[in-house]
Amino acid sequence: MNHDALVIALIGVLGIGAQWVAWRTGWPAIALMLLAGIVAGPVTGVIHPEQDFGKMLDPAISIAVAIILFVGGLNLNFRELRHAEGAVARLVLIGVPISWVLGALACYYVAGLVWPVAILFSGILVVTGPTVVLPLLRQLNIGPRPRAILKWEAIVNDPIGALFAVMTYEYLLNVENGATLASVAISLCAAALVAGLIGFSAAALIGWLFPRGDVPEFLKAPVLLVTVICAFMLANFLKQETGLLAVTVMGVSLANMRLASFRDFHKFKEDITVLLVSGVFILLSASLNLQVLRQFEMRFAAFLLVLLLVVRPATVLISLAFSRLPWAERLFIAWLAPRGIVAVAVSGLFALRLGDLGYGDGGTLVTLSFAVVISTIVAHGFTARLFARRLGIESDAAKGLLIVGATPWSLSLAAHLRSLGVAVMVSDTSWQRLTPARAQDIPSFHGEILAEATEERLDLSQFQMLAATSDNEAYNALVCNEFAPEVGRDSVYQLGSAAGDDPRSLPEKLRGRALFATGLGVEDLAAREAAGWTFLATEVGEPTGLDALKAALPEQADLLLLIRKGGALRFFTHASRPAPEPGDIVVSYAPASAAAEAEMPSSAPSFASEVTK
């Protein structure tokens, strides 16, 4: 068996496996990937990245990080900055210099590094990075503002940290030749400007080619990836480490060009990010050298504490002083700053270069960088959710249900679910059709849910499921297909079911999952609503099977959904029959006479907080 192929397969299994376990358990994915790589690398010796990949390891990781940064840039829409209260600009323009200065002081006085090495290393540490921040944010149910701030900071600061390290090294290299800090800074700024122009030009080229039809659909994704890699390599060829800036600018530029083609890349960019982040983290942790870690000293432990408890909080709190950002969000941002692959990769590169210049402390950069990555991932990964809940910016309640289409039946469903403590929002393009929702104090969204501006006005992360209930089957299918990549294919539902082999009906693959196991359609529900049918809530008191539960319900009742004790929703469909458990509430649709006889007492637990616009 080919050993190299086996190693690549194992890296994929470990990385994606860790992501899956994180999804199932709620544990931080970055910590699980770090643990998996350490076990596969230095502990068992199954993976030796330096031996297995040889000279290809560094360029492969560099290109992977560049693609991750580019994809991160594609998620940076300038509209998000309007809600950030200027926090991103403050963290970049004020926070980065403060972090560099405080980090240098900590490196010198606490870690004991010599000044040149301390200044260079602290420049690297201003980064957080999308490889660690984005997987962590994916698991947190926090508001759109702190999420956007942390995402922007991570992606923008990544190339800045690398440029700080380059500037310091260039100064140390040329100081004996009469170079001044100002001349080095001017030279580096010029190189950064060129790199930014390269990134913007690459984005402009894509933005010109794609809408004109000069690139066929099947080549758009490959052309985009190759362009990213070429922009990265061209910028690095002109000046080392400026490639990260080029791809970041390219991603941000494309994100704000509003090209129709990029809606088709949503699933692709999510998939490639997950694959690359998983692979890079396994390689990173498998590359850990236990001999290097044994050089860890107590002064380094004190340095890590200062970095976590002093440098980061002071940087954020000073930067955001007198801003309109709530204190809870400031404190959360001040705590969260995990470091990832960029810090380790750049530290390893400059450790060798500083050694060539005669700085003995250059070798300790590898030990310190690995220690920083491990400590910040563990500290922030396992405490971020608890800290967010204590500050009140993340709810431990279940997410709600988004209903698209205000009809008499959907409004009745929304009112009933709210009486059971489930958070619900009804969306419709008609202000008039939403009048009953407003009258019953049901949260509503007036606007076209498919419009691009909706992304700015409505936070979809607060919903666990979507139900399209308008009187237009094709529109319902379109809504389900549009939001399936974001909400989940198994979490988008619509009225009616595919009509078998009928060529005039929409095929099942183009639709959301059918509400009701019997696949009731719009006309069926309208007739039953007019006949006075209503919703029936039945609490499961003891272990029972689905057949026994149906036997206890009115004969004509149709099962709709099940509400778990924690607030999770599970719909009954022709393909899904969730098993009821004690404490669950089963919601069915039944004739009014039958429902009046069997209705559950009105007192019910509250599962979720209100959804918001």
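Student: Is aspartate 441 buried or exposed?

Tutor: Aspartate 441 is exposed, because its relative accessible area is 58%. The cut-offs are under 20% for buried, over 50% for exposed and partly exposed in between, with a 1.4 Å probe and protein chains only. Keep in mind that this is a predicted model, where local features need pLDDT of at least 70 and side-chain atom pairs pLDDT 80 or more, while totals for chains, interfaces and linings use all residues. Residues are numbered from 1 along each chain as its sequence is written, and side-chain values use heavy atoms, leaving out hydrogens and water.

Student: Where does aspartate 441 sit?

Tutor: In the loop between helix 20 (435–439) and strand 3 (444–446). Helices (H or I, at least four residues) and strands (E, at least two) are DSSP runs, numbered from the N terminus. Now for the backbone: most residues other than glycine have a negative phi. Aspartate 441 isn't a glycine, yet its phi is positive, about 60 degrees.

Student: What is the phi of phenylalanine 322?

Tutor: Phenylalanine 322 has a positive phi too, about 65 degrees, and again the residue is not a glycine. You'll find phenylalanine 322 in the loop between helix 15 (298–319) and helix 16 (327–335). Phenylalanine 322 counts as exposed because its relative accessible area is 82%.

Student: Which residues of helix 16 are buried?

Tutor: Glu329, Arg330, Phe332, Ile333, Ala334 and Trp335. These buried residues pack against helix 6 (87–109), helix 9, helix 15 and helix 18 (364–391). Contact here means heavy atoms within 4.5 Å. Helix 7 (residues 115–124) is mostly covered as well, with seven of its 10 residues buried. Those are Val117, Ala118, Leu120, Phe121, Ser122, Gly123 and Ile124.

Student: At what angle do helix 4 and helix 9 pack?

Tutor: Axes are lines fitted to C-alpha atoms, for helices over the stretch in contact, and angles run from 0 to 180 degrees between N-to-C directions. Helix 4 (residues 57–74) and helix 9 (residues 144–174) pack at about 140 degrees, their axes 9 Å apart. Under 35 degrees is roughly parallel, over 145 roughly antiparallel, 65 to 115 roughly perpendicular, and the rest oblique. Helix 4 and helix 9 are therefore oblique to each other.

Student: Which residues meet there?

Tutor: From helix 4, Leu69, Gly72 and Gly73; from helix 9, Ile155, Asp158 and Pro159. The residues of this contact divide into three nonpolar, two polar and one charged.

Student: How many aromatic pairs are there?

Tutor: Rings of Phe, Tyr and Trp (its six-membered ring) pair if their centres lie within 6.5 Å; planes under 30 degrees apart are stacked, over 60 edge-to-face, and the rest tilted. The count comes to 13 aromatic pairs. One of them is tilted: tryptophan 409 and phenylalanine 535, 5.8 Å centre to centre, with 50 degrees between the planes. That pair links distant parts of the chain, 126 residues apart: tryptophan 409 is in helix 19 (residues 408–419) and phenylalanine 535 in strand 7 (residues 534–539). Tryptophan 409 counts as buried because its relative accessibility is 3%, and phenylalanine 535 counts as buried at 3% too.

Phenylalanine 516 and tyrosine 589 form another tilted pair, 6.2 Å centre to centre and 45 degrees between the planes. Phenylalanine 516 lies in the loop between strand 6 (513–514) and helix 23 (522–530) and tyrosine 589 in strand 10 (residues 585–590), so the pair ties together parts 73 residues apart in sequence. Both phenylalanine 516 and tyrosine 589 are buried.

Student: Which residues do ring pairs link into a cluster?

Tutor: Trp409, Phe516, Trp533, Phe535 and Tyr589.

How values were computed: Ala, Val, Leu, Ile, Met, Phe, Trp, Tyr, Cys and Pro count as nonpolar, Asp, Glu, Lys and Arg as charged, and the others, Gly among them, as polar.
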